[in-house]
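Dear colleague,

I am handing over the structure we spoke about, and below it I set out what was found in it. Please read the notes with the model open beside them.

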Amino acid sequence: SLFGPYVPLFIPWLDLMMRSDWKYPPGFVAILKKHLRPDVPYITVSQNDEGIVLKCQEGLLMHELPNILVLSSGGYGHVAIPLLKALAPLAPRDAWYAHKRPLLAAFMGSHETHPL
């Protein structure tokens, strides 16, 4: 199987939130909790920087669903993955070497939640 022992949850988490004024649609969390079986391991990917929990506003907490492996581009979940929204141009060959880079550090995050 492509997903190993996991049942994939193909849920557009961020799209659901964006369409519903940054909340899950009414009843979504209750339906999800009702239909997910506690003895089945699931896997899902979230583009949201808060994974699937949405600031815990919707009653969807990670510890309540321990059998969902969450891969999140924001890093909130179990596995952090890069946010790839489009193809990026290749860096010049000189940028491959750290001693030739103009910057040796980068900031990843939000200025609102992590001010410099």
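A residue is called buried here if its relative accessible area is under 20%, exposed if it is over 50%, and partly exposed in between (1.4 Å probe, protein chains only). Please bear in mind that this is a predicted model, in which local features need pLDDT of at least 70 and side-chain atom pairs count only at pLDDT 80 or more, while totals for chains, interfaces and linings use all residues. Residues are numbered from 1 along each chain as its sequence is written, and side-chain values use heavy atoms, with hydrogens and water left out.

The protein chain has two helices and four strands, which follow one another in the pattern β-α-α-β-β-β; these are DSSP runs numbered from the N terminus, helices being H or I with at least four residues and strands E with at least two. Of its 116 residues, 28% are buried. Among contacts (heavy atoms within 4.5 Å) with a separation of 6 or more, 59% are between residues 24 or more positions apart.

Aromatic residues

Three aromatic pairs are present, where rings of Phe, Tyr and Trp (its six-membered ring) pair if their centres lie within 6.5 Å, with planes under 30 degrees apart counted as stacked, over 60 as edge-to-face and the rest as tilted. One of them joins W13 and Y24 edge-to-face, at 6.0 Å centre to centre and with 70 degrees between the planes. Since W13 lies in helix α1 (residues 13-19) and Y24 in the loop between α1 and α2 (28-35), this pair ties together parts that are 11 residues apart in sequence. W13 and F28 also pair, and because their planes stand at 80 degrees, with ring centres 6.0 Å apart, the pair is edge-to-face. Here the link runs from helix α1, which holds W13, to helix α2, which holds F28, so that parts 15 residues apart in sequence are tied together. Both W13 and F28 are buried, as is Y24, and W13, Y24 and F28 form one aromatic cluster.

Leaving aside neighbours within four places in sequence, I52 is in contact with residues including W13, Y24, L60 and V70.

In α2 the buried residues are F28, V29 and L32; seen down the helix axis, they fall within an arc of 95 degrees (taken from the directions from the axis to the C-beta atoms), so they line one face of the helix. The face turned away from this buried side carries the exposed residues A30, I31 and K34, whereas the cover over the buried residues of α2 includes α1.

Salt bridges

Two salt bridges were found in the whole structure, each being a side-chain nitrogen of Lys or Arg within 4 Å of a carboxyl oxygen of Asp or Glu. K33 forms one with E64, the closest N and O atoms being 2.8 Å apart; K33 lies in helix α2 and E64 in the loop between β2 and β3, 31 residues apart. D39 and R37 form a salt bridge at 3.5 Å, N to O. At 59% relative accessibility D39 counts as exposed, while R37 is partly exposed at 49%.
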